[in-house]
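Subject: Structure for your files

Hello,

Here is the structure I said I would pass on. My notes on what was found follow below it.

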Amino acid sequence: CDAPAHYRNNLHLLQQEPLCEGPAESWVIKESPGKGLGVFATRDLDVGDIIFQEAPAILVHPPPFVQGMGYDTIEVGRRARAIFDELPREEQDVIMSLAAYYKPDESIHDPNADRLKVIFRSNAYNTGKDIGLFVKFSRINHSCRPNAGYAWNHRTGKRTLYAHRNIAAGEELSVSYIGLLSIKAGRQSRLNTYGFTCSCEACTLADAERKASDRRRRNIKEALSDLERAASEPTGDKKRSKRAPRLAKEAMKLSQHVEEEGLPDYYARAYHLAAVFTFDLPGFSEIGGRRARGWAKMANFHRTLGNPDADLDEAERKGTVPIGNWMHKLLGKKLGDRHNAFIFAQNDLPKHHRIIHPGQPITEDYWEDRVNIDVDDEELVHNVWFG
Ligand SMILES: C[S@@+](CC[C@H](N)C(=O)[O-])C[C@H]1O[C@@H](n2cnc3c(N)ncnc32)[C@H](O)[C@@H]1O
């Protein structure tokens, strides 16, 4: 059995079966050199495979978030404690075995440093409006080139871990704890606030490769911001049409860079932009159209990985969805009666919207909250803009 002695009693609870009888799951918890415990694939996984789904052991509805200060951690700790105290003893033991990062001014021996509060702070994830502690998720280490991703499904109340790329049996599963578009020094200082120095594949590159990786991440960050700004301009706008060939080229280069750099968290955004600007090309041909639809499908595939209900979730919370998200939800889909991977239900469109067919004349009036949806000859959404 791979588990260190003091974890043996608790690990079977994390996996809901005895650890040492060989896992029926596609994952196992064992030691990860230099990182404590980690979660490893026990069989080959394909991109999009669901690895596990987990409900939170503790779900805290936090007090209001204060800009620049965050949540009142004392109050969050108090609420977590109230839920913890009601749990069965064996679940409490599993939670108390999780990793805890004590800040430099806290001592493990200080009776005032509530260990549960430290564990909750070190392991919890945001789930929409709440903060959840998930015992299996808590064992997944960070990588700046993660191979897995996670999604919260508010209908099932579970967090899903999925393969972000093909993963070989034996590989450690990793997710990202932070945004990944900073250079190594920036990522390290952010991760230091979580109490560790990252030893992932990207952070241990030799000097020349590390410089190339930093350069690529800088380019990706800049290209995402430029292209997303350009994508928010109305299609048909002269300035945008003139720039279309350059923007399409840049968006495809961006997609190539995120793949080369191994940043699956950014695939959906990059493919989405490649779709938007290939749809935009002048003299948009049969070949160009097929290509643009291909990008749009890839963007949708990656955006909804781990949560096929993503659009339903958002439609249900319509009032709270930022209007800019409509682009992500609709691009590359057809409008229809019911949601599925390729169709968005027309009933769930915002109150003020227009569906615009190729060549259809439109009025020039401006409505701040109106969503304009451009569809192509095949009724596929290729652009969304406001006005
Ligand atoms: C949420 S826990 C992950 C599971 C943890 N390894 C355990 O044994 O329970 C986060 C802690 O894992 C370790 N860790 C996670 N990712 C790491 C990385 N990329 N490099 C070094 N240590 C890492 C750090 O000690 C960090 O404080």
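Predicted model: local features only at pLDDT ≥ 70, side-chain atom pairs only at ≥ 80, totals over all residues.

Beyond its neighbours up to four places away in sequence, Ala345 touches Gly336, Asp337, Arg338 and His339. Ala345 belongs to strand β12, residues 343-345. Its relative accessible area is 4%, so Ala345 is buried, the cut-off being under 20%. Lys334 sits 11 residues from Ala345 in sequence, and the C-alpha to C-alpha distance between Ala345 and Lys334 is 8.7 Å.

Next, a helix pair. Two packed helices are described by the angle between their axes and the distance between the axes. For helix α6 (residues 207-231) and helix α8 (residues 267-279), the angle is about 45° and the axes are 11 Å apart. The two helices, α6 and α8, are therefore oblique to each other. Their crossing, that of α6 and α8, is left-handed. On the α6 side the contact is made by Leu224, Leu227, Glu228, Ala230 and Ala231, and on the α8 side by Arg269, Leu273, Val276 and Phe277. By class, the residues of this contact are seven nonpolar, two charged and no polar.

Setting aside neighbours within four places in sequence, Leu273 is in contact with Leu224, Leu227, Glu228, Ala231, Ala251 and Leu254.

In soluble globular proteins, nonpolar side chains tend to be buried together. The largest nonpolar core here has 48 residues, and the members that touch the most others are Cys144, Leu227, Leu254, Leu273, Phe277, Leu330 and Ile373. Two or more residues of this core come from each of α6, α7 (238-261), α8, α9 (286-303), α11 (325-330), β14 (371-375) and β15 (381-386). Helix α8 gives the largest share of this core, nine residues. A second, separate core has 18 residues, among them Val39, Ala148, Ile167 and Val175.

Is His257 buried or exposed? At 16% relative accessibility, His257 counts as buried, because the limit is under 20%. Apart from neighbours within four places in sequence, His257 is in contact with Arg216, Asn219 and Ile220.

Regards

Definitions and conventions
Residues numbered from 1 in each chain as written. Heavy atoms only, no water. Axes fitted to C-alpha atoms, helices over the stretch in contact; angles between N-to-C directions. Helix = DSSP H or I, 4+ residues; strand = E, 2+ residues; numbered from the N terminus. Parallel < 35°, antiparallel > 145°, perpendicular 65-115°, else oblique. Left-handed = near helix turned anticlockwise from the far one by under 90°. Contact = heavy atoms within 4.5 Å. Nonpolar A, V, L, I, M, F, W, Y, C, P; charged D, E, K, R; others polar. Buried < 20%, exposed > 50% of the residue type's maximum accessible area, 1.4 Å probe, protein only. Core = buried A, V, L, I, M, F, W, Y, C linked by side-chain atoms within 4.5 Å.
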